[in-house]
Amino acid sequence: MRNSLHRSYRLLALASAAALFFAGCAQTSMAPAADSALRDPQQNSAIRPEPREPGWVKRHEGFVEIAKQGGVDLLFLGDSITDFWRREQTDRQVGGKKVWDREYGPRRAANFGISGDRTQHVLWRLQNGELDGIKPKAIVLMIGTNNTGFERDNTTPRNTPAQAAEGVREIVRLLRARLPQTKILLLAVFPRGEKPDHPQRLQVNEINRLIAQLGDGRNVRFLDLGPKFLAADGTLPKDIMSDFLHPGEKGYEIWAAAIKEPLAQMLK
């Protein structure tokens, strides 16, 4: 199994490198004419809204109830990296609850992150009640890391970077349509994998290159915090992300400090 998984990741790394090469040659990786397939839900699962298992639906319904109550000025949207703001860090777990309680507990902030979510799951949640009743001043959005890698068979890629980036684009479109007065702080997907050449790190880098184009300087601000987490040689230190994916308390401290000024401007 380990050898099979290693071969799969080697193939994924080669595919990612090839995609970067051809994208650079064409310089039209997100041009409408060239990428019509990316905007076809039948061909791109990252933009096809989809629910998950019953337990996930129950968590979503809890968020819907929070939204119905209103009174949210700041909304965090995403996957486990956002979800774990509410988790206490222990020797075995990563989390940032202490930082959240200090930085956002006193504010009218809500966390709508669910572990394991991909872009298609966030799309479904937003289309099914999580925005009903709230008009936040600002949204912090980070999503896409779970669109990388393989399905459970370890051979079928989940999504290409271009497909995942289109999923992020679709979320931003939906938020702008539903909440035109809300400012969006779109975060680059955090680096993952210990080494700079980790296949999913390469995919994340390409996703970030593409979604950076969504920042318009007015309603959507793109911010890449990745360099703040990395050592000088590009490795991801374990004291920041012990599993090379999820921040520990030190990582959440870095995150909170980095977005403090942008959020202050957005929340005026």
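Residues are numbered from 1 along each chain as its sequence is written, and side-chain values use heavy atoms, with hydrogens and water left out. Since the model is predicted, local features need pLDDT of at least 70 and side-chain atom pairs count only at pLDDT 80 or more, while totals for chains, interfaces and linings use all residues.

Helix α5 (residues 119-127) is a handy place to start, and its partner α2 covers residues 54-69. Helices here are DSSP runs of H or I with at least four residues, strands are runs of E with at least two, and both are numbered from the N terminus. The two helices pack at an angle of about 45°, with their axes 10 Å apart; axes are lines fitted to C-alpha atoms, for helices over the stretch in contact, and angles run from 0 to 180 degrees between N-to-C directions. That makes α2 oblique to α5, given that angles under 35 degrees count as roughly parallel, over 145 as roughly antiparallel, 65 to 115 as roughly perpendicular and the rest as oblique. On the α2 side, Trp-56, His-60 and Phe-63 meet His-121, Trp-124 and Arg-125 of α5, where contact means heavy atoms within 4.5 Å. This set splits into three nonpolar, two polar and one charged residue; Ala, Val, Leu, Ile, Met, Phe, Trp, Tyr, Cys and Pro count as nonpolar, Asp, Glu, Lys and Arg as charged, and the others, Gly among them, as polar.

With α6, the picture for α5 is as follows. The angle is about 15° and the axes sit 9 Å apart, which makes α5 roughly parallel to α6. This crossing is left-handed. From α5, the residues involved are Thr-119, Val-122, Leu-123, Leu-126 and Gln-127, and their partners in α6 include Ala-164, Val-168, Ile-171 and Leu-175. Eight residues of this contact are nonpolar, three polar and two charged.

Next come the cores, each a set of buried Ala, Val, Leu, Ile, Met, Phe, Trp, Tyr and Cys residues joined through side-chain atoms within 4.5 Å. Buried means under 20% relative accessible area, exposed over 50% and partly exposed in between (1.4 Å probe, protein chains only). The largest nonpolar core has 35 residues, of which Leu-75, Leu-141, Leu-175 and Leu-186 touch the most other members. Both α2 and α5 are among the elements supplying at least two residues each, but α6 gives the most, with seven. Leaving aside neighbours within four places in sequence, the contacts of Leu-75 include Ala-110, Phe-112, Leu-131 and Ile-139. A second, separate core of 32 residues includes Trp-85, Val-99, Leu-236 and Ala-258.

Most residues other than glycine have a negative phi. Asn-154, in the loop between β3 (138-142) and α6 (161-178), has a positive phi of about 65° and is buried at 18% relative accessibility. Phe-244, between α8 (226-229) and α9 (249-266), has a positive phi of about 60° and is also buried, with a relative accessible area of 18%. Lys-137, in the loop between α5 and β3, is partly exposed at 36%. Not counting residues up to four places away in sequence, Lys-137 touches Asp-73, Thr-182, Lys-183, Met-266 and Leu-267.

Definitions and conventions. A crossing is left-handed if the near helix is turned anticlockwise from the far one by less than a right angle, and right-handed if clockwise.
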